[in-house]
Amino acid sequence: TFQWLRRNESGWQVLDAATLPSHVAIVTAGHDTTLWISNVTVAASGTEFAVRTFDPGFHEVRVTLTVTPPEVIFVDASAPPGGDGTGWSTAYRDLAVALAQVTECRRVLWLAAGTYRPTDGTDRAVFFALPSSVEIYGGFDGTETDLGQRFPELNRTVLDGDIGVPGVADDNSVFVAHWNQPRPSSVLDG
């Protein structure tokens, strides 16, 4: 038998079906138990949990949740080719390549001012496929170290479907971007 607990202001609280928040689940099968927590924010860092077992004997393991913010992927339309997206000096040039690198832990994209097109060719069916967990922020000049330093009104970031003859609508992308099942935390800003 397993028992999960969470420390709050008044001590340890037993977690059960009646007290579990909607983003928390306990899965127990045989001699294994797992506490699943989704949509975790950095604010949850430091939360203490314990799991107790009573058969055979009493055992308790305590853990402290550590949440780190997701890594930023840097994108700059004027960057030289071959970047790895780990900083402004090594930014990806191609937004589609950067989007292909998105993972749960690396899902925030900072886009420097510029124009980003889904293709260098003329295939009108090509679009930016936005992963469900991605957070995309534009409006950077390419020197910022904090999201609050960007200035979108001055540093225009444009996702543009004008892939053919400039100004001719008949040869543009059918869709510029598509978000398949965005999450409440998904962002396209700036």
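The following legends describe close-up views of a predicted model.

Residues are numbered from 1 along each chain as its sequence is written, and side-chain values rest on heavy atoms, with hydrogens and water left out. Local features need pLDDT of at least 70 and side-chain atom pairs count only at pLDDT 80 or more, whereas totals for chains, interfaces and linings use all residues.

**View 1. Overall chain.** The secondary structure comes to one helix and 14 strands; these are DSSP runs numbered from the N terminus, with helices (H or I) of at least four residues and strands (E) of at least two. The radius of gyration is 23 Å, well over the 16 Å that the globule rule gives for 190 residues, so the chain is more spread out than a compact globule. That radius is taken over C-alpha atoms, and the globule rule is 2.2 Å times the number of residues to the power 0.38. Along the principal axes, the C-alpha atoms fill a box of roughly 75 × 35 × 30 Å. Buried residues make up 32% of the 190 residues (buried means under 20% relative accessible area, exposed over 50%, partly exposed in between, with a 1.4 Å probe and protein chains only).

**View 2. The antiparallel four-stranded sheet.** An open sheet has the strand order β2-β1-β5-β6, with antiparallel pairing; two strands pair if DSSP finds at least two bridges between them. β2 (11–15) and β6 (59–64) stand at the edges with a single partner strand each, so one side of each is left without a neighbour in the sheet. Neighbouring strands of this sheet are turned by 30° against each other on average, direction ignored; the axes are lines fitted to C-alpha atoms, and angles run from 0 to 180 degrees between N-to-C directions. Within the sheet, five bridges join β1 (residues 2–8) to β5 (residues 48–53), and R6 stands opposite F49 in β5.

**View 3. The β3–β4 hairpin.** Strands β3 (residues 24–29) and β4 (residues 32–37) run antiparallel and are joined by six bridges. A29 stands opposite D32 in β4. Two residues lie between the strands of this hairpin, and G30 in the turn has a positive phi of about 60°.

**View 4. The parallel four-stranded sheet.** Four strands in the order β7-β8-β11-β14 form an open sheet with parallel pairing. Its edge strands, β7 (72–75) and β14 (187–189), each pair on one side only. β7 and β8 (residues 108–112) share four bridges in the parallel sense, and F74 stands opposite W110 in β8.

**View 5. Nonpolar cores.** The largest nonpolar core has 24 residues, and V75, L95, L99 and L109 have the most contacts inside it. Such a core is a set of buried Ala, Val, Leu, Ile, Met, Phe, Trp, Tyr and Cys residues joined through side-chain atoms within 4.5 Å. Two or more residues come from each of β7, α1 (95–100), β8, β10 (128–130) and β11 (135–140), with the largest share, five residues, from β8. Not counting residues up to four places away in sequence, L109 touches several residues, including I73, V75, L95, L99 and I136 (contact means heavy atoms within 4.5 Å). A second, separate core of six residues includes W4, L35, F49 and V51.

**View 6. The loop at Q181.** Q181 lies in the loop between β13 (177–179) and β14. Its phi is near 55°, a positive value in a residue other than glycine. Most residues other than glycine have a negative phi. At 64% relative accessibility, Q181 counts as exposed.
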